[in-house]
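Please keep the structure open while reading.

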Amino acid sequence: MAKENKSFVKEITPQSEDFSRWYLDVIQKADWMDYAPVRGCIVFKPDAYEIWERCQQELDREFKRTGHRNAYFPLFIPESFFEKEKEHVEGFNPELPWVTEAGGDILEERLAVRPTSETMFGHMYAQWIQSYRDLPVLLNQWANVVRWEKRTLPFLRTSEFLWQEGHTAHATEQEARAETMQMLEIYANFVESYLAIPVIRGQKTPSEKFAGAVDTYSLESLMKDGKALQTATSHYLGQNFAKGFEIQYLDKDNQRKYVYTTSWGITTRLLGAIVMVHGDDRGLIIPPKVAPTQVVVIPIGPAKAREMVVPAAEQVVTSLQSASVRVKMDARDDVSPGWKFNEYEMRGIPIRIEIGPRDLESGHAVLVRRDTGEKLSVPLAQVTETVTQLLATIQSDMFKAAKERMQEHSYVADDLAALVNYIQNERGLVLAGWCGAEACERAVKDACSATSRNIPFDPPARPERCVTCGKPATYAVWFAKAY
């Protein structure tokens, strides 16, 4: 059995040897994805897509609770729309795929395949919004978008990906800014409580903000290889798109005014974040709240014992199902229990339950935690109660472990030499002072390939000097290498 286990685990490259290779090994061995015949595109297989569905379901509830409604806008966007907001088109132009011919005819106007939908929403809002009575408009759409990336990585950066994009219009700047921050907080609560991934809330620097936004706010998380990943963004667009698309309304005094707009979104890169924050050398570790299967029950023992063991295992499954636990049983007799243990560990199922002849004799079952490997012997009559409590404990413990890891790999640098040393040798997030000059921000990137992640709302320290020029610091900024 030990030989079989060793052979199985060898199929996954250790994180310490090659983190990128480990990541690709895990998502393929766990049957999350396959490569599509189109460059930069992937197929989401059922386990991965079900996690995305659970993300959708929870966020959709929050969106609707806060007054938003879902709609769907066209995939194709006329080229002229992008010309109405110059900064926006300049930001997206390198990634835009264009449709130039259809039905054998050359189109009069090129159509972009949706990279994001601010322009399409802007065009429609200009037609729909006439009076202050029409405001606010709170819409969201679940959709796919296309950005022709030069370098791709499954889930994290692909030519086509899935996301949601909220687009709202408001009568005042105050309302729009409140919306922007409300959505960032909804994202933060979701990522931390459902995905067990700690986040840093903050504002993007001007050079890193969304093309066309006045202000961009982000959530930043730390992966196990020391790189940062932006897990969500929320944008205050001011009146940029309103003026570009003539979105105006008559106020209560019969004065014509421009609206204030926002946009906000999360993408399927959250799936990659789950892998890179929680996974280990044995494969995935999936937070219980989003796990497609929370518990796998495995009957063990010789063939002659199956008549007793399998029915007992089925009773456990039935009991767990009645408690709304997502559970499956693997009673196959053509593969060994050891192979099954490795298979389900690699797939990241939070709890494994083993039931054999000796367990039945003692009236117990063995519960094994995927996150820690801890084994618990539990009376059969208490399995369901124990499992429901344990799933909550695992969810909490996974977040705590990720939070501690992020804190352990967060540093404060007083000068550029210290920042470069942390980035190159310690790997992680580095907090540093910044005077606000783009040249100083760019100098950090030139020195060590680290970029500003965000200006945190609540920094753990407030450096007094700019890390590059030494002038008084206006901001505390997190820097890191990032995906």
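Helix α11 (residues 337-346) lies across β15 (295-299), β16 and β17, and its direction is at about 175° to that of β15. Helices (H or I, at least four residues) and strands (E, at least two) are DSSP runs, numbered from the N terminus; axes are lines fitted to C-alpha atoms, for helices over the stretch in contact, with angles from 0 to 180 degrees between N-to-C directions. The model is predicted: local features need pLDDT of at least 70, side-chain atom pairs count only at pLDDT 80 or more, and totals for chains, interfaces and linings use all residues. Residues are numbered from 1 along each chain as its sequence is written, and side-chain values use heavy atoms, leaving out hydrogens and water.

**Sheet and helices**
- The open sheet has five strands in the order β16-β15-β17-β18-β19, with mixed pairing (two strands pair if DSSP finds at least two bridges between them).
- β16 (327-329) and β19 (375-379) are the edge strands; each has a single partner strand, so one side of each lacks a neighbour in the sheet.
- From one strand to the next, the twist averages 25°.
- Four bridges join β17 (residues 351-355) and β18 (residues 364-369) in the antiparallel sense, and Ile-353 has Leu-367 in β18 as its bridge partner.
- Helix α13 (residues 383-408) also packs on the sheet, where it touches β15, β17, β18 and β19 (contact means heavy atoms within 4.5 Å); its direction makes about 10° with that of β18.

**Nonpolar core**
- The largest nonpolar core holds 54 residues, of which Tyr-23, Trp-32 and Phe-155 touch the most other members. Such a core is a set of buried Ala, Val, Leu, Ile, Met, Phe, Trp, Tyr and Cys residues joined through side-chain atoms within 4.5 Å; buried means under 20% relative accessible area (1.4 Å probe, protein chains only).
- Elements supplying at least two residues each include α2 (19-29), α3 (46-65), α7 (173-193) and β11 (228-238).
- Beyond its neighbours within four places in sequence, Phe-155 is in contact with residues including Tyr-23, Trp-32, Phe-44 and Leu-271.

**Two buried residues**
- Gln-141 lies in strand β7 (residues 137-146) and counts as buried because its relative accessibility is 0%.
- A polar atom of the Gln-141 side chain lies 2.8 Å from the backbone nitrogen of Phe-73.
- Phe-73 is also among the contacts of Gln-141 outside four places in sequence, as are Arg-114, Trp-163 and Glu-165.
- Ser-159, in the loop between β7 and β8 (160-170), is buried with a relative accessible area of 0%.
- Not counting residues up to four places away in sequence, Ser-159 touches several residues, among them Arg-39, Cys-41, Trp-148 and Thr-152.

Technical notes: Buried means under 20% relative accessible area, exposed over 50%, partly exposed in between (1.4 Å probe, protein chains only). A polar contact is a pair of N or O atoms within 3.5 Å; within protein, one must be able to donate a hydrogen and the other to accept it, and residues adjacent in sequence count only if both atoms are side-chain atoms.
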